[in-house]
Amino acid sequence: MLRQVKPRNARSKRALERREPKAIENPKTCLFLRGNNCSQVVQDAMNDLFSMRQPLSKKFTKKNPIHPFEDAASIEFFSEKNDASLFIFGSTQKKRPHAMTLIRTFGHKVLDMLELYLDQESYRSISQFKTKKFAIGMRPMILFAGSAFESLVPNEYTLAKSILVDFFKGESSDKIDVEGLQYIISVTAQDAAGEGDAKPAIHLRVYLISTKRSGQKLPRVEVEEIGPRMDLRVGRMKEADEAMLKEAMKKPRGAEEKTKKNISMDSMGDKMGRVHLGKQDLGQLQTRKMKGLKRSRDDAVEPEDIVVDDEPKRARK
């Protein structure tokens with residue numbers, strides 16, 4: 001039996017109502033944690049991600065003796081205590097240096113996890129780019145390039161794509177103002193054939209979008225890198241349980257759009273329609289417009305139109 005908490009006053013009642021399951025969920029809050037050993041480069045990277053996630057993010061500065069892959073009880077406790085469903089846990093070990101673990105929860109229970117190793121040499125923080133920054137709360141455009149992200153078999157890269165989309169998408173809305181699309185996040189992964197037997201790295205880049213006059217109706221679009229710049233290697237992963245994933249992906253009644261017959265949507269978002277026609281009679285095709293296809297006078301009367309009378313004619317008296 002699950003323990004049911006009864007509110008003692010109106011304040012606790014409102015807090016419990018905010019955490020109840022809803023048809024339209026609240027925006028996901030991301031909690032940033034650090035382990036007992038956490039390198040400075042990982043802390044800087046987490047600070048950059050924290051600023052990009054604002055205002056839907058919380059950060060703890062104290063050290064926490066947490067090992068997510070060995071024991072997830074602490075993560076589940078923080079998830080219930082802070083009403084957070086996304087986590088980024090930074091740690092550094094001799095075997096796994098500069099590691100950032102991306103964690104998702106469902107019902108305050110760990111759903112899936114992915115460990116990424118940050119390349120210390122190629123990392124550049126936001127403060128190292130002396131360029132204009134985007135405003136807090138802006139929603140980015142996200143681009144995933146690479147065949148690894150399009151794999152039909154679930155792997156580390158498809159899981160990384162799913163978690164990163166959840167992390168950067170922010171608050172959901174039906175309408176978006178074009179003026180608010182100020183920056184783009186590019187996530188690329190090279191083919192494994194180009195890097196030998198090692199798994200390809202994930203390259204994360206952030207660009208500011210600016211439009212300039214082009215002398216035409218459409219403006220000229222330019223991009224400028226604003227940071228952070230991260231090269232990540234995939235490490236350990238924990239896949240979601242099938243039953244829990246099915247429960248997490250369930251949609252409430254009335255939220256799904258009614259499907260129309262013979263109308264579908266392709267991967268690019270274009271509407272496709274299927275039209276059913278009756279059987280076509282090829283004998284009724286109009287083919288007399290070309291000289292070579294005109295019928296001759298001898299063929300003016302079809303053989304099937306000629307009536308043959310087999311009975312002999314009556315003799316005149």
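**Pocket, cavities and a helix**

Colleague: Which strand gives the most to the lining of the second largest pocket?

Modeller: Strands (E, at least two residues) and helices (H or I, at least four) are DSSP runs, numbered from the N terminus. On a 1 Å grid over the protein atoms alone, a pocket is an open set of points with protein on both sides within 12 Å along at least five of seven lines, and lining residues have an atom within 4 Å of a point. With four residues, the strand that gives the most to this lining is β8 (residues 202-212).

Colleague: What kind of model is this, and what pLDDT do local features need?

Modeller: Residues are numbered from 1 along each chain as its sequence is written, and side-chain values use heavy atoms, with hydrogens and water left out. The model is predicted: totals for chains, interfaces and linings use all residues, side-chain atom pairs count only at pLDDT 80 or more, and local features need pLDDT of at least 70.

Colleague: What is the volume of the largest cavity?

Modeller: A cavity is a set of grid points where a 1.4 Å probe fits but cannot get out. Points are joined across faces, edges and corners, and a volume is the space filled by probe spheres set on them. The structure holds two cavities of 30 Å³ or more. The largest has a volume of about 80 Å³.

Colleague: Which element gives the most to the lining of the second largest cavity?

Modeller: This cavity holds about 40 Å³, and its lining includes Cys30, Leu86, Ile163 and Phe167. Elements that give two or more residues are β3 (86-91), β4 and α4. With three residues, the one that gives the most is β3.

Colleague: How many residues of α4 are buried?

Modeller: Buried means under 20% relative accessible area, exposed over 50%, and partly exposed in between (1.4 Å probe, protein chains only). Among the buried residues of α4 are Glu156, Leu164, Asp166 and Phe168. The helix has 13 residues, and the buried ones number 10.

Colleague: What span does α4 reach from its first C-alpha to its last?

Modeller: The expected span of a helix is 1.5 Å times one less than its number of residues. For the 13 residues of α4, the expected value is 18 Å, and the helix reaches close to that: 18 Å.

Colleague: Which residue forms an edge-to-face aromatic pair with Phe32?

Modeller: Rings of Phe, Tyr and Trp (its six-membered ring) pair if their centres lie within 6.5 Å; planes under 30 degrees apart count as stacked, over 60 as edge-to-face and the rest as tilted. A search of the whole structure finds eight aromatic pairs. In this one, the centres are 6.3 Å apart and the planes at 75°, and the partner of Phe32 is Phe167.

Colleague: Why does Phe32 count as buried?

Modeller: Phe32 lies in strand β1 (residues 30-34), 135 residues from its partner Phe167 in helix α4. Phe167 counts as buried because its relative accessibility is 6%. Phe32 counts as buried because its relative accessibility is 0%.
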